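Please view the model alongside the text.

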Amino acid sequence: MTSQRLGRLVRLKKLVEQSRAAELAEEQATLGQAEGELRQTRAEAMAADHALARADVTADQLAMASAWQDQLGQRAVQQEQVVDEASRRVAEQAEVVQVAWRERRLMEGVHGRAVDREVAADEYAERKQNDAIALRGYGRTGGDEG
């Protein structure tokens, strides 16, 4: 495989890696949003707890606050599941990015070695050509003497 083809593969691997990294960033943003919503729900639950602790709360207010607190608890459980799922996807995507990075680096190494081989082959061919020219010149001048 020529170094030019390998160079195209390296560029392709780099694009794949960048695409995977962008997907990881999206997953991380989703995780951050889910964590923010969970923090918000927990803050609302704490506020409901403080409202229940007041001494001047009527029975109706107590019942409503308790129902609201139950609802917030259920929402928090659902949001924790969303956060866990988002965390799992972030971890998976991070591994995908890592694999893409390793593949690109491997391909860069192969490409670099191919370029080195082609340069060495070109230099060898040039030396052979120069040697042949020198021998022909030597044969014309060196063979006449003697």
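## Core and helix packing

The largest nonpolar core has nine residues: Leu24, Leu31, Ala34, Leu38, Ala76, Val83, Ala86, Val90 and Val97. Two elements, helix 1 (3-53) and helix 2 (59-142), each give two or more residues to this core. Helix 2 supplies the largest share, five residues. The model is predicted.

Val83 is one of the core residues. Beyond its neighbours within four places in sequence, Val83 is in contact with Leu31, Ala34, Glu35 and Leu38. Leu31, Ala34 and Leu38 are core members too.

Helix 1 has 51 residues. From first C-alpha to last, helix 1 reaches 74 Å, close to the 75 Å expected at 1.5 Å a residue. Buried positions in helix 1 include Leu24, Leu31, Ala34 and Leu38. Ser3, Glu17 and Thr41 are also among the buried residues of this helix.

Where does Thr41 lie? Thr41 lies in helix 1. Thr41 counts as buried because its relative accessibility is 1%, and the cut-off for buried is under 20%. Its side chain makes a polar contact with the side chain of Gln79, at 2.6 Å. Leaving out residues up to four places away in sequence, Thr41 touches Leu72, Arg75, Ala76 and Gln79. Of these, Ala76 belongs to the largest nonpolar core.

| Residue | Contacts |
|---|---|
| Val83 | Leu31, Ala34, Glu35, Leu38 |
| Thr41 | Leu72, Arg75, Ala76, Gln79 |

Definitions and conventions: Residues numbered from 1 in each chain as written. Predicted model: local features only at pLDDT ≥ 70, side-chain atom pairs only at ≥ 80, totals over all residues. Heavy atoms only, no water. Core = buried A, V, L, I, M, F, W, Y, C linked by side-chain atoms within 4.5 Å. Buried < 20%, exposed > 50% of the residue type's maximum accessible area, 1.4 Å probe, protein only. Helix = DSSP H or I, 4+ residues; strand = E, 2+ residues; numbered from the N terminus. Contact = heavy atoms within 4.5 Å. Expected span 1.5 Å × (residues − 1). Polar contact = N/O pair within 3.5 Å; in protein donor to acceptor, adjacent residues only side chain to side chain.
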